[in-house]
Amino acid sequence: MKVIAVIEADFERGALGTRSRLGDALAGETVIRRTLRQTLAARRVASVHLVVPARQQAEAQQAAAGLAVRVETHEAAPVPWREHVAAARKWSLDAWRGGIGGATVFDESLNPWVVSALAQRESAEAVAAVPAGAALLDPGLLDEMIGHFEKVRDQMRMVFTQSAPGLSAAVYSPALLADLAATVQPPG
């Protein structure tokens, strides 16, 4: 099964409307670089894609320099639920779910239009959507989630684990991403 990892990043604004901290140092390297390295350590991922707005291409290329990461750019507008999720998630920052209106951590960093198009272009059978600030991502856990998705993909179109934000990712079927884009809905 071909699985791609997609890390949507914004070097200017964080998911909750605060300044982005992806370029901040963490144990000798930037947060985004640690996230990229942790994602690359997953064995079941065919390729890692760092997706940024076109105006941030240079910053993304610098962040991924020397790593087997494909920098992808887009001109897409922010998702229409961006401000709702930013406000709702502030009520439950330490949890993966429980925001006002059912907002979840998965709603913070997924643009289904951009990721669906990338999955289609790459002929991916699944997409691991890794939060850009997941510097503590567990590559083994991600591999296990992909393995689980492979077993249940005929019944489930998304798998995730109930871990603290930043420790894992969500794995989506391309069909679910296309449906989210067509219905203009976040995953939560």
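1. Basis. Residues are numbered from 1 along each chain as its sequence is written. In this predicted model, local features need pLDDT of at least 70 and side-chain atom pairs count only at pLDDT 80 or more, while totals for chains, interfaces and linings use all residues; side-chain values use heavy atoms, without hydrogens and water.

2. Fold. The chain has six helices and eight strands (DSSP runs numbered from the N terminus: H or I of at least four residues for helices, E of at least two for strands). Their order along the sequence is β-β-β-α-β-α-β-α-α-β-α-β-β-α. The radius of gyration, taken over C-alpha atoms, is 15 Å, close to the 16 Å of the globule rule (2.2 Å times the number of residues to the power 0.38) for 188 residues, so the chain is as compact as a globular protein of that length. The C-alpha trace spans about 40 × 35 × 30 Å along its principal axes.

3. Helix pair. Helices α4 (residues 112–121) and α6 (residues 174–183) pack at about 145°, with axes 8 Å apart (axes are lines fitted to C-alpha atoms over the stretch in contact; angles run from 0 to 180 degrees between N-to-C directions). In α4, P112, W113, V115, S116 and A119 meet P174, L177, A178, L180 and A181 of α6, where contact means heavy atoms within 4.5 Å. By class, this contact has nine nonpolar, one polar and no charged residues (nonpolar: Ala, Val, Leu, Ile, Met, Phe, Trp, Tyr, Cys and Pro; charged: Asp, Glu, Lys and Arg; polar: the others, Gly among them).

4. Largest pocket. Its volume is about 1200 Å³ (a pocket is an open set of points on a 1 Å grid over the protein atoms alone, with protein on both sides within 12 Å along at least five of seven lines; lining residues have an atom within 4 Å of a point; a volume is the space filled by probe spheres set on the points, which are joined across faces, edges and corners). Of its 41 lining residues, R13, G14, A15, E108 and S109 are the closest to the centre. Strand β4 (47–53) and helix α3 (82–89) each supply at least two lining residues. The lining has 21 nonpolar, eight polar and 12 charged residues.

5. Cavity. The count is one cavity of 30 Å³ or more (a cavity is a set of grid points where a 1.4 Å probe fits but cannot get out). The largest cavity has a volume of about 140 Å³. Among its 16 lining residues, V105, F106, P131, S168 and A169 are the closest to the centre. This lining divides into 11 nonpolar, five polar and no charged residues.
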